[in-house]
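Okay, thanks everyone, let me get this up on the screen. I'll start with the overall picture and then go through a few local spots.

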Amino acid sequence: MTTFPAPVAGLAWRPIALGDVAVWHRLVRAIEDADEPSERHTPEDLAEELTGGSWKDPARDSILGLDGDGVARAFGHVEVNPGDVRTVRAFCWGGVDPQWRGRGIGAELLAWQERLARTKIAAAGREAPGRVLVHTDDDATATMRLLDRAGFTPLRVFLELTRPLEGDLPPVEVPAGLRLVPFDPSLSERLRVAHNEAFAHHWGSEPRSQENWERHSVGGRFFRPGWSFVVLDGEEVAAYSLTSAYTQDWEPQGYSAGWTDLLGVRPAWRRRGLASALLAATMQALRADGIERADLGVDMENESRAVDLYTSLGYSETRRGLAYGKDVPGAAG
């Protein structure tokens, strides 16, 4: 059962129900208009936060703060994805109406999220440490101060990169003996297994369960098979790129773009130019569909020097985000 935050600023707290999506979206839209994040949310996105997986339980994992007139002024959400084995991660997302900030609501909301995150991590029953995570833009100074005061630490910097598609594009060059093919649903499970191997040693990465993969990667509403490619060695997946169209972001960012969600090369096929070939194929597919830019995100400290690869292909930085975290005991702790 959800334990609500302490009473603050006269807000009444309750879990978010599916019938609250329109009310919740008005609040999220007001927060996004004020903060101008790179990611914008549709009502369908919010509904999926509540129902998009067997592990979802909005009555336990979400909360909405209503003022005396029943207007939503704050929200919080905590999610632990299935499949985490190395570190059980609790992702915290929330916000406060810009007109209601500075009243202590954010601090109470964060404290509630951390309590719930610790409970969910312990309940996961895994012999692994836990980590509570909050992602924020690097210019969100008030949020960063709040996280600092609550004992969270900045763990990682993530870059968002863009590549205009006018002019010359890099060639698609695949080594002899390998084939670059468009995504096909018949490849989905092999891709999931390949992804889990390719990202096994990346910071913050955990294996994707089949349900999570089918719902939120190759089965997501924004996924575009025609912009996604696979390199095959015989019938084995050697490398892959999966790209989506987050159309709700295009107007605020000022251009249309394909966002490459996942780009991976399995260890046995690295240093053969496969990532470059996949991104080049993606750029060509995007331009053929009239899209203006190719976008992606990258961990600034990526050990494979991915930033160098992307800049060599014409990508440049547009903004930065931060991952704040707090390590907590897992089920074994």
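Quick definition before the count: helices here are DSSP runs of H or I with at least four residues, strands are runs of E with at least two, and both are numbered from the N terminus. What you're looking at is a predicted model. On that definition, the chain has 10 helices and 12 strands. The radius of gyration comes out at 21 Å, close to the 20 Å that the globule rule gives for 333 residues, so the chain is as compact as a globular protein of that length.

Of the 333 residues, 49% are buried. Take the contacts between residues at least 6 apart in sequence, and 74% of them join residues at least 24 apart. As for the surface, the chain exposes about 15500 Å², and carbon and sulfur atoms supply 50% of that. On charge, there are 37 positive and 49 negative side chains, and the centres of those two sets lie 3 Å apart.

Let's zoom in on helix α4, residues 105-123. How far apart are its end C-alpha atoms? They're 27 Å apart, which agrees with the 27 Å that 19 residues should span at 1.5 Å a residue. Its buried residues include Ile 105, Leu 109, Trp 112, Leu 116, Lys 120 and Ile 121. Keep in mind that an α-helix has 3.6 residues a turn, so residues three or four places apart point the same way. After α4 comes Gly 125, with a positive phi near 70°.

Next up is α6, residues 188-198. Buried there are Ser 188, Leu 191, Arg 192, Ala 194, His 195, Asn 196 and Ala 198. And what covers them? The cover includes helix α7 (210-216) along with strands β8 (229-233), β9 (236-244) and β10 (257-265).

Most residues other than glycine have a negative phi. Ala 9 isn't a glycine, yet its phi is positive, about 55°. You'll find Ala 9 in the segment before β1 (12-14), and it's partly exposed, with a relative accessible area of 31%. Arg 271 also has a positive phi, near 60°. It sits in the loop between β10 and α9 (274-288). Is Arg 271 buried or exposed? Exposed, with a relative accessible area of 84%.

That's my tour, happy to go back to any of it.

Terms used:
Residues numbered from 1 in each chain as written. Predicted model: local features only at pLDDT ≥ 70, side-chain atom pairs only at ≥ 80, totals over all residues. Heavy atoms only, no water. Rg over C-alpha atoms; globule rule 2.2 N^0.38 Å. Buried < 20%, exposed > 50% of the residue type's maximum accessible area, 1.4 Å probe, protein only. Contact = heavy atoms within 4.5 Å. Areas by Shrake-Rupley, 256 points an atom, 1.4 Å probe, with all protein chains shown as cover. Lys, Arg positive; Asp, Glu negative; His and termini not counted. Charge placed at Lys NZ, Arg CZ, Asp CG, Glu CD. Expected span 1.5 Å × (residues − 1).
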